[in-house]
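Open the model in your viewer and get ready to click through it with me. We will go from stop to stop, and at each one I will tell you what to select.

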Amino acid sequence: MPTTWVMTCAYSPTGSCVTCGGLDNKITLYKLSTDEDISKQKRVIANHTNYISCNQFVYSDQQLLTGSGDSTLKLWDVETGQLMQTFHGHQADVMCLDISPSEAGNIFLSGSADHVALVWDIRSGQYVQIFDGHESDVNSVKFHPSGDAFASGSDDATCRLFDLRADRQVGIYKKESILFACNSVDLSLSGRLLFAGYNDYCINVWDTLKSVRVSILYAHENRVTSVQVSPDGAALASSSWDSTIKVWA
């Protein structure tokens, strides 16, 4: 790896390559092949002026979206490494992004240390909606499977649900006993359950409609950095500073 502190990785939709970046301020692409040494297949395809916190392929292997501590997001041509668009709007570090589940939507989300989440039009390069409510860094944003809403997790120890059509917050998930930051969120295929990983080593499971916690998953021995539901919805993966990845089913 080009840096000892990798903050983000992404698989291409075809599974032919993986991208990673972090404190080196760049994204390196690795082609996945059993025929050759992977390290010889690497190349830099994106750069920022500060650390890179997140990256995600845009529906195909051709385009990549990145977010950075320089407060911008950028769209890149993967093949040429050319910058296609820069998205300005956040007032502090960009911490996370997510792309709409519907290609027809042409929108994506971003969350920032400025405490807000923005909805962007990928064609115009402008943000079209702004959602506030969090009282600290927004560490994670995730579209609802319908594409009409999204969940967020924050350093303020809460998760929230925002409705794009209503243009407002419709749910908040918190308890007085939860004092630690939420680092990552994901939703079940139905959107009914919200999984959230926290700094107190736990994963809380919330009912999005009733705004109540329905379960707590204990197993990690350090902060939970990421949670993700499998494509078929049958399992949940979590990663932690305890150097493990766990699968829950």
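**Stop one: a tryptophan at the surface**

Select tryptophan 241 to begin: this residue is partly exposed, with a relative accessible area of 45%. Keep in mind as you look that this is a predicted model. Tryptophan 241 sits in the loop between β22 and β23.

Is serine 243 buried or exposed? With 72% relative accessibility, serine 243 counts as exposed, because exposed means over 50%. Check its backbone too: phi of serine 243 is positive, near 70°, although the residue is not glycine.

**Stop three: a tyrosine with a positive phi**

Next, select tyrosine 59, in the loop between β5 (52-57) and β6 (63-68). Its phi is also positive, at about 70°, and tyrosine 59 is not a glycine. Tyrosine 59 has a relative accessible area of 28% and is partly exposed, because that class lies between the 20% limit for buried and the 50% limit for exposed.

**Stop four: an open sheet**

Switch to a cartoon view and find the open sheet of 4 strands, in the order β9-β10-β11-β12, with antiparallel pairing. Which strands stand at the edges? They are β9 (94-99) and β12 (127-131); each has a single partner strand, so one side of each is left without a neighbour in the sheet. On average, neighbouring strands here are turned by 20° against each other, direction ignored.

A reminder for this view: strands of a sheet pair through backbone hydrogen bonds, either parallel or antiparallel. Zoom in on β10 (residues 107-112) and β11 (residues 117-121), an antiparallel pair with 5 bridges. Click phenylalanine 108, and then its bridge partner in β11, tryptophan 120.

**Stop five: a hairpin**

Finally, select β19 (residues 202-207) and β20 (residues 212-218), which run antiparallel and are joined by 6 bridges. Isoleucine 203 has leucine 217 in β20 as its bridge partner. How many residues lie between the strands of this hairpin? There are 4, and in this hairpin serine 211 takes a positive phi near 60°.

Technical notes: Residues numbered from 1 in each chain as written. Predicted model: local features only at pLDDT ≥ 70, side-chain atom pairs only at ≥ 80, totals over all residues. Heavy atoms only, no water. Helix = DSSP H or I, 4+ residues; strand = E, 2+ residues; numbered from the N terminus. Buried < 20%, exposed > 50% of the residue type's maximum accessible area, 1.4 Å probe, protein only. Pairing = 2+ DSSP bridges. Axes fitted to C-alpha atoms, helices over the stretch in contact; angles between N-to-C directions.
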